[in-house]
Amino acid sequence: MVHHHKSNRDVEGNPDDRRGMPLRPNVDELERRTQEDLRGVGLRVKKPERPAKQYEEIQREVDREVDRGEMPSGKMSRAEREAFPPTRYGK
């Protein structure tokens, strides 16, 4: 029977000579290099927002949609809710 799969060493490359793909990309290094490239071509580099600030903005939008009635709030029991989500197709 023929073995069709490559070994991990073939896929990942040889760590001794730094060839091939790394196991996982270094996210921090990629971000740093991206920011450096943006500065190099003259684009403004934005500081990433704090996760807490992003969460607060999303939570405000959800609260606003619930208050307008655009989004169900989850305060109804399962028996009180529609059986299926609304559809754009006519009945």
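By class, five nonpolar and two charged residues line the second largest pocket, with no polar residue among them. In this predicted model, the pocket in question has a volume of about 150 Å³. Its lining is formed by P72, M76, R81, E82, F84, P85 and P86.

Read from the N terminus, its elements follow the order α-α-α. The accessible surface of the protein chain amounts to about 9,800 Å², and carbon and sulfur atoms account for 52% of that area. Of the 91 residues in the protein chain, 2% are buried.

Q35, a residue of helix α2, has a relative accessible area of 14%. Q35 is therefore classed as buried, since the term applies under 20% relative accessible area. When residues up to four places away in sequence are left out of the count, Q35 touches V45 and K46.

Helix α2, which spans residues 27–40, also holds E29 and R32. Side chains of opposite charge can pair when their charged atoms come close. The structure holds four salt bridges in total, and one of them joins the side chains of E29 and R32 at 2.6 Å, N to O. E29 and R32 are three residues apart, about one turn of the helix. With relative accessible areas of 30% for E29 and 42% for R32, each residue is partly exposed.

The side chain of R32 also meets that of E36 in a salt bridge, here at 2.8 Å, N to O. E36 and R32 are separated by about one helical turn because they stand four residues apart in helix α2. E36 has a relative accessibility of 43% and so counts as partly exposed. Taken together, E29, R32 and E36 are linked in a network of salt bridges. R32 takes part in both of the pairings described, with E29 and with E36.

A further salt bridge is formed between the side chains of E70 and R68, with an N to O distance of 3.3 Å. R68 has a relative accessible area of 51%. This value places R68 in the exposed class, because exposed residues are those over 50%.

By contrast, Q35 in helix α2 is buried. Charged residues also occur in the lining of the second largest pocket, where two are found beside five nonpolar residues.

Key:
Residues numbered from 1 in each chain as written. Predicted model: local features only at pLDDT ≥ 70, side-chain atom pairs only at ≥ 80, totals over all residues. Heavy atoms only, no water. 1 Å grid on protein atoms, 1.4 Å probe; cavity = no way out; pocket = protein on both sides within 12 Å on 5 of 7 lines; lining within 4 Å. Points joined across faces, edges and corners; volume = space filled by probe spheres on them. Nonpolar A, V, L, I, M, F, W, Y, C, P; charged D, E, K, R; others polar. Helix = DSSP H or I, 4+ residues; strand = E, 2+ residues; numbered from the N terminus. Buried < 20%, exposed > 50% of the residue type's maximum accessible area, 1.4 Å probe, protein only. Areas by Shrake-Rupley, 256 points an atom, 1.4 Å probe, with all protein chains shown as cover. Contact = heavy atoms within 4.5 Å.
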